[in-house]
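Please read the following walk through the structure with the sequence and the model side by side.

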Amino acid sequence: MYITRNLVTLNIYPANLFKPSPIQKNMKTTFSLIKADIGGWPGHSSVHPSLITLAAEGLKEATQKGLIKDFHVAHCGDDLELLMTHQKGEDNKEIHGLAWDIFTQGTKEAKKLGLYGAGQDLLKDAFSGNIRGMGPGVAEMEFTERKAEPIVAFMMDKTEPGAFNLPIFRMFADPFNTAGLVIDPSFHTGFLFEIWDIRDHKRVILESPQELYDILALIGAKSRFVIKRVYPKEDNPKLSKGEPAAVVSSEKLYQIAGEYVGKDDPVALVRAQSGLPALGEVLEAFAFPYLVSGWMRGSHNGPLMPVSQKNARCTRFDGPPRVLALGFQLHNARLTEPSDLFDDPAFDEVRHQAQLITDYMRRHGPFEPHRLPMEEMEYTTLPAIMKSLGNRFKPIK
Ligand code: F6R
Ligand code: MG
Ligand code: MG
């Protein structure tokens, strides 16, 4: 059945199974991408097909009830990804509650099947109105649809939210990536970057290109500063004012839980074309297998490999970290079927380079910079070793 298909999740419930319902003119659309690791199959590598079916059935029912307009279910590595469109805005209690219910039902199923780490990302017992801070990751944005609205959902496994800093910067601020910054009059004045300090829980909005070096000074330190949203500027003639062009999830599970309970594998939504970077400029940002932190035990640097849905499984040394891109046209809050954008020979060479970098990094074994610096490792035996060595450590004269 679907296990043998290339696009495991893509063929079960086509996104346009239900007829469009009339939509109020000028009503805004919300795209919510909510994800959680509720059990791996096997180990931390992938999601069991039963969980995908369960999630798709739950979202189909919600569509029939009119709670959401459309949906797609995917997975990246061991993360179950719920892609939903609706008209209830961001942080909506019913939408977040729907995702929470699916994750808790899925956890029951995961326990029944004996999946690995069942319910790993669900940190609270009861839903209290908003899924943020409860374990799952959320990328959500509300906006006025343009006449034609291309949107890409990016999903990563075995890495952290700061892994999006480099490609999002490239898309929206780097003229060597995005030709439109130089030659498209509609966004020649650049974009606004909302950057979060995830250690001190503060945020700042910086303007590109005027504050380019300040932006880079912050986001180069990707374990602390993350790009949360990108906005078009006021003078962009093709976009509604104040509505985001991109959003990244920024949950840090270990900060929420006070202890490490699993990787905070991130997701992002990026709108494209017509006043924004073209689809090809958005994807071009992934044509370099840059190093991200995560990988084995969330404690190693490794190359980010762009992959198809079929290959969105983490195997070698629990990786290497992967990114999946599903593209849609959005119309009246309804989705076309997804296009599996990295399922393309144009990305073969990037994957090949990622393989070479995987070998190169692995040969460092337990040494930095393959292993993360001490303060960023999510597993460590160092305190125990220091304790057991006790007074065998002598002062250096
Ligand atoms: C990293 C990840 C895996 C696990 C590793 C050990 O995000 O999920 O690399 O950390 O497989 O897992 P446990 O401790 O569950 O055996
Ligand atoms: Mg896992
Ligand atoms: Mg994961």
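**Overall form and metal sites**

The chain has 397 residues and a radius of gyration of 21 Å, which agrees with the value near 21 Å for a compact globule of that length; the radius is taken over C-alpha atoms, and the globule rule is 2.2 Å times the number of residues to the power 0.38. This is a predicted model, in which local features need pLDDT of at least 70 and side-chain atom pairs count only at pLDDT 80 or more, while totals for chains, interfaces and linings use all residues. Residues are numbered from 1 along each chain as its sequence is written, chains are lettered from A and ligands numbered from 1 in the order in which they are written, and side-chain values use heavy atoms, with hydrogens and water left out.

The C-alpha trace spans about 75 × 55 × 40 Å along its principal axes. The chain holds nine helices and 16 strands, these being DSSP runs numbered from the N terminus (helices H or I with at least four residues, strands E with at least two). Of the 397 residues, 55% count as buried; buried means under 20% relative accessible area, exposed over 50%, and partly exposed in between (1.4 Å probe, protein chains only). Among the contacts with a separation of 6 or more, 70% are between residues 24 or more positions apart, where contact means heavy atoms within 4.5 Å. The accessible surface comes to about 17600 Å², and carbon and sulfur atoms contribute 55% of it; the areas come from the Shrake-Rupley method with a 1.4 Å probe, and for residues only the protein chains shown count as cover.

Two magnesium ions, ligand 2 and ligand 3, are 4.6 Å apart, and Asp78 coordinates both. Donors here are N, O and S atoms within 2.8 Å of the metal (3.2 Å for Na, K and Ca); water is not among the atoms, so sites may look incomplete. Ligand 2 is coordinated by Asp37 (OD), His44 (ND1) and Asp78 (OD), at 2.0 to 2.3 Å. Along the chain, the donors of ligand 2 follow the spacing D-x6-H-x33-D. Asp37 is buried because its relative accessible area is 2%, whereas His44, at 27%, counts as partly exposed.

Ligand 3 is coordinated by Asp78 (OD), Asp79 (OD), Asp157 (OD) and Asp265 (OD), at 2.1 to 2.7 Å. The spacing of these donors is D-D-x77-D-x107-D. Two of them link distant parts of the chain: Asp157 is in strand β5 (residues 149-157) and Asp265 in the loop between α6 (253-257) and β10 (267-271), 108 residues apart. Asp157 counts as buried, at 0% relative accessibility, and Asp265 counts as buried at 5%.

Ser249 is in the loop between β9 (246-248) and α6, and its relative accessible area of 2% makes Ser249 buried. Not counting residues up to four places away in sequence, Ser249 touches Gly137, Val138, Ala139, Pro161, Lys228, Pro266 and Val267.

Lys28 lies in the segment before β1 (29-36) and is partly exposed, with a relative accessible area of 33%. Leaving aside neighbours within four places in sequence, Lys28 is in contact with His86, Gln87, Glu142, Phe143, Thr144 and Glu243. The C-alpha atoms of Lys28 and Gly89 are separated by 7.9 Å, although the two residues are 61 residues apart along the chain.
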